[in-house]
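Colleague: Please take a close look at the aromatic ring pairs in this structure. I would welcome one connected account of them and of their setting.

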Amino acid sequence: MTPWSNWAGTAKATPLRVHQPRSTAEVADVVRGVTEAGRRVRPRGSGHSFTAIAVAESDALDLRNLTGIEQADLTTHQVTVRAGTTLKQVNAELDALGLAMTNLGDIDAQTVAGAISTGTHGTGARFGGISTQITALQLVLADGTVATCSADERPDLFNAARVGLGALGVITSVTLQCEPSFVLSAQERPEPLEQVLEGFDEFAAANDHFEFYWFPYGKNALVKRNNRLPLDAERKPLSRLKQFVDYELTENIAFGGICRLGRAVPKLVQPLGGFAAQVLSAREYADLSHRVFVTHRGVRFVESEYAIPRESLHDVLAELRALVPRLENPVMFPVEVRVAAADDIWLSTAHGRDSAYIAIHQFVGMPYREYFDGFAAIVAEVGGRPHWGKMHDLDAATLRTRYPRFDDFLAVRKENDPTGTFTNTYLDRVLGR
């Protein structure tokens, strides 16, 4: 009985058994044994989901020994990666091959299987989430058989498993469509929030990867524009000193101190938030893509994020801005706004529609329920879809109305896991029993 907690401390478990298989065959043996014994098993990665999606009630499957690149085709740029490999390791090994992933989020601590299973995404009006880069998957199903799926082989399983919540089987390897390494030119600077909102559609269209952070009690937003350059473009990485000052010292150490002070003295949150928005600094640099996409996050928080139709963004943000001053408890963390292209993955938050993503946060240990519930009510009016790895209270009945292929997903689940080997309390809520 080994205690486990996720990164944010919002989910805990004490599974009776923790399995650490070293091969697909060993995964199959574990799953087969669990199913025959009538127990449940949950695969878990690095614990970066804020929900209880990875909570194991009897058996946990830790894939830390299934790591590294299994196969790489330097002609097609397709690379097969073992499921327990963190995105950080994937990026490093791809870099050594002269390859890169097309799009990434800003955290690379997740395992590749965990990231795709929860619908992790980056930003970019012309780009999809990480799951859109998948060309094939290998899974161990509930009866212990090993299945391979792609657009041509078992396409229904493929369409479901690319964002599968770990509900269909245990992913053991992922084949990614990568591309030759490229450089990203990064421009990050504070801008007046009203100016950012007024030009949002133009900025999202004009830049490959565009996002901004709104500080609820400040007048400025931190705007990030990343644009793709060929590999032979001049690199202008931040100096070690600049990296330390801007990221470690300012965004982690100093901001963490501000958050702790706000938690201790809530009446200071609003002036501290305004101060944080005022002292944002500008920086421009260019480096290999994964070094620009990813940012170290040392300050812990809780998070809720919803995908909404792109055209609803301004109305939703207006309501959110009106909500914040009415809250009984102030908000210490900024709001992140991103975009993504529509895709055809059944449980992708961007399924069938160009999407905007709004992520709200609160510093750990500070009240957040009123804020998160108010936000959920606002996005519900426009059919908001919660990120599968972020905090929300929706159940299967509501989610069915927001995903056109929800019942198709459930049919694939029933076919491949008829006795619920891979379920847990969270999945019972969001997918039904």
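Modeller: A search of the whole structure finds 12 aromatic pairs, where rings of Phe, Tyr and Trp (its six-membered ring) pair if their centres lie within 6.5 Å, and planes under 30 degrees apart count as stacked, over 60 as edge-to-face and the rest as tilted. The ring centres of F301 and F333 are 5.2 Å apart and their planes stand at 45°, so this pair is tilted. F301 belongs to strand β17 (residues 301–309), while F333 sits in the loop between α10 (313–323) and β18 (335–340), so the pair ties together parts that are 32 residues apart in sequence. Helices (H or I, at least four residues) and strands (E, at least two) are DSSP runs, numbered from the N terminus.

F301 and F333 are both buried, meaning under 20% relative accessible area with a 1.4 Å probe and protein chains only. Ring pairs also link F301 and F333 with W7, F50 and F255 into a cluster.

As for the setting, this is a predicted model, in which local features need pLDDT of at least 70, side-chain atom pairs count only at pLDDT 80 or more, and totals for chains, interfaces and linings use all residues. Residues are numbered from 1 along each chain as its sequence is written, and side-chain values use heavy atoms, with hydrogens and water left out.

The chain has 14 helices and 20 strands, and buried residues make up 60% of its 433 residues. Of the contacts (heavy atoms within 4.5 Å) with a separation of 6 or more, 74% are between residues 24 or more positions apart.

Note on methods
Buried < 20%, exposed > 50% of the residue type's maximum accessible area, 1.4 Å probe, protein only.
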